[in-house]
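This is a short walk through a structure, taken one place at a time. Please keep the sequence and the model in view while reading.

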Amino acid sequence: MDVRLRPGTPEDAEACGRICYEAFRHITAEHAFPVDFPDVETATGVVSMLLGHPGFYSVVAEQDGKVVASNFLDERSQVAGVGPITVDPGLQERGVGRALMLDVMRRAEDRGFPGVRLLQAGYNTGSLSLYAKLGFQVRDVLACMQGAPPGGEIPGHRVRPATGEDADACNALCRRVHGHDRAGELTDAIGQGTALVVEHAGRISGYATDLAFFAHAVGEGNEDLKALISAAQAFAGTGILVPMMNADLFRWCLEQGLRVQATFTLMTTGLYGPPQGAYLPSILY
């Protein structure tokens with residue numbers, strides 16, 4: 001297609017937000033799944049934050065001077081995360097999404113990121129095929145789960161708000177579990193007041209940037225994540241993303257009354273090692 005790619009700017013928020021809402025509404029309605037963004041205002045708010053954040057790279061596609069698509073690359077930590085990528089529903093399946101993906105992949109290579117990751121909705125077979133063709137490999141399958149947080153406490157696991165003094169311990173834990181840290185995301189979450197830590201046997205054994213669609217959590221084991229999930233006030237956005245290959249944690253969430261909203265696939269290129277602990281990804285990875 002005759003489209004031009006350029007860096008996104010905060011002035012693109014309204015157009016990109018509308019397209020983001022319409023694109024997700026279109027695909028979820030087609031497959032009868034819950035929408036990721038309930039209205040244009042919510043989608044615009046998320047896109048506006050990404051366009052204005054120095055830790056995110058953005059690219060938009062224009063046709064005849066009109067914005068028709070956008071994509072983002074989370075550059076806050078050691079591994080880059082892709083998304084959300086959205087294309088005007090009237091222009092989908094014409095190569096725009098591929099062009100946007102190649103752009104952020106080149107960006108990640110130019111910036112020296114050892115790996116790139118993303119999550120894709122299980123019902124969106126088109127995006128699954130595109131990412132696989134571009135070299136992404138399937139690593140895990142996640143259940144997006146929503147419902148009332150179970151409350152209560154997990155014996156021996158104390159949950160409290162995270163502070164700046166906890167950052168080093170949290171980043172070290174993430175490196176032990178994943179082989180890399182997510183320091184940029186953690187710093188943002190502590191500053192926003194959404195981050196939590198869980199203490200066990202006199203040390204920090206888990207943390208969460210929030211219990212939400214756009215947040216992640218890491219723990220030495222499942223009891224750490226159960227404690228964090230139990231302590232949540234709510235699960236912001238569409239819900240938390242629970243690895244279904246972690247049968248114990250997935251089953252426990254179901255037993256607590258959480259419901260599966262949809263499934264997602266974790267896909268990666270470059271650096272990746274099987275987690276040496278328990279985790280909840282964000283919608284970015």
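Begin at Ala201, which lies in the loop between strand S9 (196–200) and strand S10 (203–208). The model is a predicted one. Ala201 is not a glycine, yet its phi is positive, at about 55°. Is Ala201 buried or exposed? Its relative accessibility is 61%, and because exposed means over 50%, Ala201 counts as exposed.

Asp64 is found between strand S2 (56–63) and strand S3 (66–74), in the loop that joins their numbering. Asp64 is a residue other than glycine, and its phi has a positive value near 55°. With 75% relative accessibility, Asp64 counts as exposed.

Another loop holds a feature of the backbone itself. Pro84 has its place in the loop between strand S4 (80–82) and strand S5 (86–87). Which form does the peptide bond from Gly83 to Pro84 take? That bond is cis, and its omega is near 0°.

Thr238 is also a loop residue, found between helix H7 (222–231) and strand S12 (240–243). Its relative accessibility is 11%, and since buried means under 20%, Thr238 counts as buried. Which residues is Thr238 in contact with, leaving aside its neighbours within four places in sequence? They are Val35, Asp36, Cys144, Met145, Gln146, Phe213 and Gln261.

The last stop is a pair of helices. Two packed helices are described by the angle between their axes and by the distance between those axes. Helix H1 covers residues 13–31 and helix H2 covers residues 40–52; they pack at an angle of about 125°, and their axes are 8 Å apart. The crossing in which H1 passes H2 is right-handed.

Which residues make this contact? On the side of H1 they are Ala13, Glu14, Cys16, Gly17, Arg18, Cys20 and Tyr21. H2 contributes Val40, Ala43, Thr44, Val47, Ser48 and Leu51. Sorted by class, the contact of H1 with H2 has eight nonpolar residues, three polar ones and two charged ones. Glu14 and Arg18, both on H1, belong to residue types that count as charged.

Terms used. Residues are numbered from 1 along each chain as its sequence is written. This is a predicted model: local features need pLDDT of at least 70, side-chain atom pairs count only at pLDDT 80 or more; totals for chains, interfaces and linings use all residues. Side-chain values use heavy atoms; hydrogens and water are left out. Helices (H or I, at least four residues) and strands (E, at least two) are DSSP runs, numbered from the N terminus. Buried means under 20% relative accessible area, exposed over 50%, partly exposed in between (1.4 Å probe, protein chains only). Contact means heavy atoms within 4.5 Å. Axes are lines fitted to C-alpha atoms, for helices over the stretch in contact, and angles run from 0 to 180 degrees between N-to-C directions. A crossing is left-handed if the near helix is turned anticlockwise from the far one by less than a right angle, and right-handed if clockwise.
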